[in-house]
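Hello,

Here is the structure for your files. Please look through it before reading my notes below.

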Amino acid sequence: MKQFDYSSWALDTLLVHSMKLSHTSNNSGKPTVEPIYTSTTYLHLNAEMLDQSFSGRLPTGEPAYVYARQGNPNARTLEEVLAQAERGVGAVVFGSGMAAIHAAFLASGLAPGSKILAAQDLYGPTIGLLRTVFVPVGVEVVLYDLCSPKVTEIVRAEQPDVIYVETISNPLAKVIDLDIISAVAQEVGAISIVDSTFTTPYLVRPIEHGFDLVVHSATKYLGGHGDSTAGVVISARNSMTEQLRTYATMLGAMLSSFDSFLITRGLKTLALRMERQCNNALEVARFLQEHTAVERVHYPGLPAHTQHSLATRLLRKQRYGGLLAFELREQTREAAYRFMDKLRLCLPATTLGDVYTEVSYPPMSSHRNLTASERQKFGITDGCIRLSVGIEDVNDIIHDLDQALLS
Ligand SMILES: *Cc1c(COP(=O)(O)O)cnc(C)c1O
């Protein structure tokens with residue numbers, strides 16, 4: 001079968017036409033929307049074909065299925081579009097972002113005696129995963145501020161086997177310099193992994209900046225509708241894709257066909273949603289910056305943000321994401337609760353990246369396991385609020401925030 005070269009398509013087009021990527025040789029009567037394959041097992045023409053299908057491919061090169069834990073057609077469609085969207089060679093989808101991160105650590109070769117260097121302000125459960133699963137078997141975990149101008153010296157001094165970062169940090173929206181990190185990772189021979197959940201391929205494609213593995217919680221922007229839990233690892237190398245697939249199968253961490261279907265459907269509007277969310281977030285950030293009840297706003301789209309110029313260089317289309325944080329002038333938990341309880345439109349929810357605006361209070365959610373002084377060290381005050389800006393009319397969002405701020 002002759003493969004069409006989809007790489008000339010812009011991301012927006014690619015995401016809408018994901019079904020084309022999984023075309024088989026027989027397209028006659030094929031539905032435009034892929035059916036949801038609920039079967040746990042698959043039949044083949046004869047024993048010879050069944051035997052070949054265990055390898056995952058037919059002699060024609062088309063994917064073959066035998067048993068659902070090894071993959072299903074809906075997951076495969078999603079994997080192909082995400083691999084193309086991130087300019088990787090392959091992708092493997094998982095039942096959650098955490099399962100994807102776990103498999104990425106395994107595929108990077110983390111083993112007894114190896115060292116992982118990670119950003120200190122990582123998503124809490126990722127640090128939890130390292131501490132509960134990898135540290136007890138002898139993996140050394142070292143955490144640093146990897147936004148520091150001394151990052152190259154830090155990596156050279158530590159000589160890690162794996163480097164793990166997030167494109168934009170939670171909740172203060174610090175931006176990481178992907179080019180510097182990947183260059184020094186290559187220099188010391190470390191595998192580089194980045195969690196690009198907050199940016200999505202709409203804003204940056206870390207493989208183009210030299211990263212080995214890109215992970216996402218697809219539960220967030222990729223799905224975008226708050227109705228499915230999923231994760232993905234996109235790889236810059238075939239050998240790592242094969243390892244990832246082995247881990248997904250062995251750990252039983254694969255994504256179900258229904259959730260694969262929902263994420264594939266969500267992806268069709270990713271570009272539209274991101275465009276609106278980034279525009280809304282910038283307007284909301286500008287509004288909050290002028291508000292008398294607000295002390296500070298953390299958003300890379302504001303010229304006052306420390307990494308505004310880095311963000312402008314790194315992120316596509318002069319857009320800066322849908323997430324921001326701000327500090328209430330009254331830096332107390334009471335003031336934060338009062339603000340949250342007065343909201344009528346924005347949802348007080350711990351997740352992010354959905355079509356609706358969501359507000360979370362880091363001292364209660366993502367950073368609840370830290371002491372007050374640890375939070376202080378990371379710059380997260382008692383008045384810190386995180387906003388994941390949705391696709392609503394921006395005036396309605398601003399109006400809701402305004403009435404809740406004026407107590
Ligand atoms: C939510 C999230 C995860 C974990 O993903 P789940 O789908 O909840 O398992 C990992 N990294 C980041 C940055 C996240 O926001």
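Which helix gives the largest share of the shell around the ligand? Helix α5 (residues 97–107) does, with 3 residues. Helices here are DSSP runs of H or I with at least four residues, strands are E runs of at least two, and both are numbered from the N terminus.

First, the basis. This is a predicted model, in which local features need pLDDT of at least 70 and side-chain atom pairs pLDDT 80 or more, while totals for chains, interfaces and linings use all residues. Residues are numbered from 1 along each chain as its sequence is written, and side-chain values use heavy atoms, with hydrogens and water left out.

Ligand site. The ligand is surrounded by 13 residues, counted when a heavy atom lies within 4 Å. M98, D195, S217, T219 and K220 are the closest. By class, 6 of the shell residues are nonpolar, 5 polar and 2 charged. Nonpolar means Ala, Val, Leu, Ile, Met, Phe, Trp, Tyr, Cys and Pro; charged means Asp, Glu, Lys and Arg; the others, Gly among them, are polar.

Polar contacts (N or O pairs within 3.5 Å) come next. A backbone N or O atom of M98 is 2.9 Å from a ligand oxygen. For the side chain of S217, an N or O atom lies 2.8 Å from a ligand oxygen. A polar side-chain atom of T219 is 2.7 Å from an oxygen of the ligand. The protein covers 90% of the 380 Å² of accessible area that the ligand has on its own (Shrake-Rupley, 1.4 Å probe).

Backbone points. N170 and P171 are joined by a cis peptide bond, with omega about 0 degrees. P171 sits in the loop between β4 (162–166) and α8 (178–188). K317 is not a glycine, yet has a positive phi of about 60 degrees. The loop between α13 (308–314) and β9 (323–328) holds K317.

Regards

Notes. A polar contact is a pair of N or O atoms within 3.5 Å; within protein, one must be able to donate a hydrogen and the other to accept it, and residues adjacent in sequence count only if both atoms are side-chain atoms.
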